[in-house]
Amino acid sequence: MKDAYTALWWVPRGHIPTTREAEERIKHLRAHGPTPHAFTLREHFPPPDSGDVRPLRSPEEWTCPA
């Protein structure tokens, strides 16, 4: 699949994301690739309050080969 259709991001406790927010995150991921704002299971980021903004990569055996 060429374009991302799912995006992940850290959600503050108590916040319920909207469909509009999810669509914006997917568009951001498509335009910029994985960032702390929107990322994937393959390349993700630590929680915002961790002080670390370096991307983390899941081991290849954990990810879908597609």
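A residue is called buried when its relative accessible area is under 20%. By that cut-off Arg 25, at 14% relative accessibility, counts as buried, and so does Glu 21, at 18%. This is a predicted model, with an average pLDDT of 87 for the protein and 91% of the residues scoring at least 70; confidence is highest in helix 1, at 96, and lowest in strand 2 (residues 56–57), at a mean of 82.

Both residues belong to helix 1, whose buried residues are Glu 21, Arg 25, Ile 26, His 28 and Leu 29. Because these cover an arc of only 160° around the axis, they lie on the same side of helix 1, whereas Thr 19, Arg 20, Lys 27 and Ala 31, on the other side, are exposed. The helix runs over residues 19–32 and reaches 20 Å from its first C-alpha to its last, close to the 20 Å expected, and Gly 33, with a positive phi near 75°, follows it.

Of the 3 salt bridges that the structure holds, one joins the side chains of Glu 21 and Arg 25 at 3.6 Å, N to O; being 4 residues apart in helix 1, the two are separated by about one helical turn.

Another salt bridge pairs the side chains of Arg 57 and Glu 43, at 3.7 Å. Arg 57 lies in strand 2 and Glu 43 in strand 1, so the pair ties together parts that are 14 residues apart in sequence; Glu 43 is partly exposed, with a relative accessible area of 21%.

Key. Residues are numbered from 1 along each chain as its sequence is written. This is a predicted model: local features need pLDDT of at least 70, side-chain atom pairs count only at pLDDT 80 or more; totals for chains, interfaces and linings use all residues. Side-chain values use heavy atoms; hydrogens and water are left out. The expected span of a helix is 1.5 Å times one less than its number of residues. Buried means under 20% relative accessible area, exposed over 50%, partly exposed in between (1.4 Å probe, protein chains only). The arc is that of the directions from the helix axis to the C-beta atoms. pLDDT is the predictor's confidence in each residue, from 0 to 100. A salt bridge is a side-chain nitrogen of Lys or Arg within 4 Å of a carboxyl oxygen of Asp or Glu.
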